[in-house]
2 protein chains.
Amino acid sequence: MEGKKETQGITIRKSENVPEWYNEVVLKSQMADFSPIGGCMTIRPHGYAVWESIQATLDRMLKDTGHKNAYFPMFIPEKFLKKEAEHFEGFVPEVAWIEDENERYAIRPTSETIMYDAYSKWIRSWRDLPVLINQWCNIVRWETKVTKIFLRTREFLWQEGHTVHATKEEAEEEVMKILGLYTKLVEDYLAIPVLTGKKSKAETFPGADYTTCMESLMPDGKALQMGTSHNLGQHFSKVFDIKYLDKDGKEKGVYQTSWGVTTRLIGALIMVHGDDKGLVLPPRIAPIHVAIVPIIFDKDKKKVFSECEKVKKRLEGDYTVHFDDRDSYSAGWKFNEWELKGVPIRLEIGPKDVAKKQAVMVRRDTGEKRPVKLSGIEQAVSKELESMQKAMFRKARKFMDDNTVETKTRAELKKAIKEGKMAKMAWCGDAGCEEDIKDETAATIRVIPFNQKKTSSKCVCGKKGCCTVYVSRAY
Amino acid sequence: MEGKKETQGITIRKSENVPEWYNEVVLKSQMADFSPIGGCMTIRPHGYAVWESIQATLDRMLKDTGHKNAYFPMFIPEKFLKKEAEHFEGFVPEVAWIEDENERYAIRPTSETIMYDAYSKWIRSWRDLPVLINQWCNIVRWETKVTKIFLRTREFLWQEGHTVHATKEEAEEEVMKILGLYTKLVEDYLAIPVLTGKKSKAETFPGADYTTCMESLMPDGKALQMGTSHNLGQHFSKVFDIKYLDKDGKEKGVYQTSWGVTTRLIGALIMVHGDDKGLVLPPRIAPIHVAIVPIIFDKDKKKVFSECEKVKKRLEGDYTVHFDDRDSYSAGWKFNEWELKGVPIRLEIGPKDVAKKQAVMVRRDTGEKRPVKLSGIEQAVSKELESMQKAMFRKARKFMDDNTVETKTRAELKKAIKEGKMAKMAWCGDAGCEEDIKDETAATIRVIPFNQKKTSSKCVCGKKGCCTVYVSRAY
């Protein structure tokens, strides 16, 4: 146990080395582990509980808006993938294949093609529309780029929504509705602020008319794409021949959308909120809200345990509460462990607290420690959790604001990127200019915000600006 | 729409051709569809909603007993699979492989080996035990046998539990605890009676000390294995070197279990309960409990709809209620559709019902139709659902009892199997005799019930019987 104690906590400072700090937090908090298959991860129970919490939250939103879950085969015949040329070009370098006597199958890198083949059979008349289907599954992108647990792995988990609409307008509305739900999930639950808008053509999903997205800024100055919602227009419906007989007796082509968020969101949670003691989980997504740690000496054990059990029962209706009654670890060890795991509130109860009818409440994000009366424990916990949720979002927002700079010239842009900032700049709209920026700075246009006023600034290339964009390096 | 109407319902009788009836029900109820990849299925939203209901029920039971979910890579290095010789032999014919520059990976046919490699890293001391991990995921068994949607497919969904214990006794207890939860899930929720017991050596999981199982009898006289719970003893812990430092300071090997149920349970639900009108879903697992169908004439629409909405609201706290307000389909069409989809209760509300303050309640399993007062609608629905759940189980139990016969001689056994019965017989315990039975009848020993009294009967081979077993053909 002594051996363990020495290495229990985080030894690398976030401010000194984000990538190494991140790996240490992921491993020591037992969120995930490296796997023996290069680039694949093992999601451990604590990490998976966070994923279940994200799933439950988003799944409820999707069901409330009429979406239904389904499951399509993981194997995609090569000939399907080839049907939409851009789509094939975009995904083929990443695909893992298996071969049969007759055919080559891709392990799904995304499911547009296998789903839309089915849709073309299922959809006959206007009565069959809209189709609002979502799938929770594993995805494989056997890419060779540098991998990082949760943020970029060969296999990951996600949800992919694939909808079909009678009109262009309905498809557009769906794209924005989903981006709205995603923003709500990420900002209101994960407490991570995002920039939303469209992608440039170069960053658009292969086979989409346009891609909308949410982007957030990580502590190492790289942006992380947190989710995308694509308007596929009729790219796929044309090649998969998805048509419906309208009320007017005419056969018409459908309009489609697809959208997804992945286990990468867990990586964002760790990156954005974690600190030198480990994870900090926002209350609205934390799988455990309160950890109760008894502080005992042999003679008081029964009394203290009974008080802990009572507190647990009182809080359990509204929160997930863990009473840490293990004999084999000291209170100090337990404090560290629950801090490492990011549990929002720790309640310490010892014999003196029982006597005073109180518990000591410790809040994870601030470390603030204060006694609270047991009589008002529900309200105290509820208030603290709400306040913590808001404070975490504010802090993350401030970080993003503080690390976003307006740049007018190429020199300013290069400086900003070098310093790990996100640059806000006017862009000429030219793909060549975008390419030049990438070549020079390794940064890309992350997002073109919606509903812009026409900019009067010039692009960093000197040409007339057409819109404001955010530029940074990215995961 | 006329074209559709003609083919809306089930045209094949269950009593005349179970396999074709089954396929028609699966497709027309929109539970699932064939896929373009031979042997793989597409689970459509209605089928997936049933799976979600099964998942939610079992997941709650597993969490209440201390199990936690996790996710391990889908790719298993060939060298891992080879470590346990029996395990490798058992699974290798079914495996789909992908190849990398360096290695060959199996797409998981089951996850013992990839998980236990991780366990050997994670487990150090007695404090780390027990490990109670479950995984919900997709599984691939690229076998060439005849496939059938839900019952035998190349890719399917399942949960697999993998636990680690300090002692043999704890592992034994876990195996039986899980079999108990499975039995509860299947009998109390799915309303399908099962026989539980052990498998013979020939039917034991490759790499297990012994396999316990639940078996049920399908309407075509074939048994369906509904779930298994294996005691792995130390087979895997030895080859994966999973050891712990015990309180006494000594290093000891662990004991393990693994267990699973799959989307095959959905096939069982369809097979056992379905009838000539389609699916019949047991209330405790049905994703929709009540479908409200308005019976309207233009002038009454508003009044009738408002009453339907009111009823929906009143029932919604306890049940999932769907108000079918579509204009584009007739009431008759809707009746057929909800029957096809197996919704337990249909409430019909027309202008006359509104006037009489009643609804017409139709129960799916019996087709029984009767008016119920709106004032007592909650109690009426609750009572009917409970009664339906019980009646469905009783009916299925009676079918199994009626189709199980005791056989004393080989001739009787052959006759029983030929007639599509399950045979109950004394068995000598000899693997050669078991093999002979299989060769002659295509039937296998499905289950050896627990806690038997010593049998005085002779085996069908003439030798002394050692135990009573159930024998039948199987999926």
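**Note on a predicted two-chain model**

1. In this predicted model, strand β14 (residues 255-262) of chain B pairs with β11(B) in the antiparallel sense over five bridges. Within that pairing, B:Ser229 has B:Trp259 of β14(B) as its bridge partner.

2. On the other pairing described for β11(B), eight bridges join this strand to strand β10 (residues 210-217) of chain B, and the two run antiparallel. B:Thr211 has B:His230 of β11(B) as its bridge partner. The hairpin of β10(B) and β11(B) has five residues between the strands, and there B:Gly221 takes a positive phi near 85°.

3. Of the 11 residues of strand β11 (residues 223-233) of chain B, 10 are buried, so the strand is largely enclosed by the rest of the structure.

4. B:Lys198 stands opposite B:Ile448 in β22(B).

5. Turning to the chain contact, 32 residues of chain B are in contact with 32 residues of chain A. The elements of chain B that give two or more residues to this side include β2 (41-43), α3 (45-64), α6 (112-122), β7 (131-140) and β8 (155-165). The most come from α3(B), with three residues. By class, this side of chain B has 20 nonpolar, five polar and seven charged residues.

6. Chain A has 15 helices and 23 strands. Its radius of gyration is 25 Å, close to the 23 Å that the globule rule gives for 475 residues, so chain A is as compact as a globular protein of that length. The C-alpha atoms of chain A fill a box of roughly 80 × 55 × 45 Å along the principal axes. Of its 475 residues, 47% count as buried. Among contacts in chain A between residues at least 6 apart in sequence, 69% join residues at least 24 apart.

7. The domain assignment divides chain A into domain 1 (14-273), domain 2 (290-382) and domain 3 (404-472). The centres of domain 1 and domain 2 of chain A, taken over C-alpha atoms, are separated by 40 Å.

8. Chain A also holds an open sheet of five strands with mixed pairing, in the order β16-β15-β17-β18-β19. β16 (321-323) and β19 (369-373) of chain A are at the edges, each with a single partner strand, so one side of each is left without a neighbour in the sheet. Neighbouring strands are turned by 25° against each other on average, direction ignored.

9. Inside that sheet, strand β17 (residues 345-349) of chain A and strand β18 (residues 358-363) of chain A run antiparallel and are joined by four bridges. A:Leu347 has A:Met361 of β18(A) as its bridge partner. Helix α10 (residues 301-316) of chain A lies across β15 (290-294), β16, β17 and β18 of chain A, whereas helix α11 (residues 331-340) of chain A lies across β15 and β17 of chain A. Helix α10(A) runs at about 170° to β15(A), and helix α11(A) at about 170° to β15(A).

Conventions:
Residues are numbered from 1 along each chain as its sequence is written. Chains are lettered from A and ligands numbered from 1 in the order in which they are written. This is a predicted model: local features need pLDDT of at least 70, side-chain atom pairs count only at pLDDT 80 or more; totals for chains, interfaces and linings use all residues. Two residues are in contact if their C-beta atoms, placed from the backbone, lie within 7 Å. Ala, Val, Leu, Ile, Met, Phe, Trp, Tyr, Cys and Pro count as nonpolar, Asp, Glu, Lys and Arg as charged, and the others, Gly among them, as polar. Two strands pair if DSSP finds at least two bridges between them. Axes are lines fitted to C-alpha atoms, for helices over the stretch in contact, and angles run from 0 to 180 degrees between N-to-C directions. Domain bounds come from an automatic or database domain assignment. The radius of gyration is taken over C-alpha atoms; the globule rule is 2.2 Å times the number of residues to the power 0.38. A residue is buried if 20 or more other C-beta atoms lie within 10 Å of its own, exposed if 12 or fewer, and partly exposed in between; C-beta atoms are placed from the backbone.
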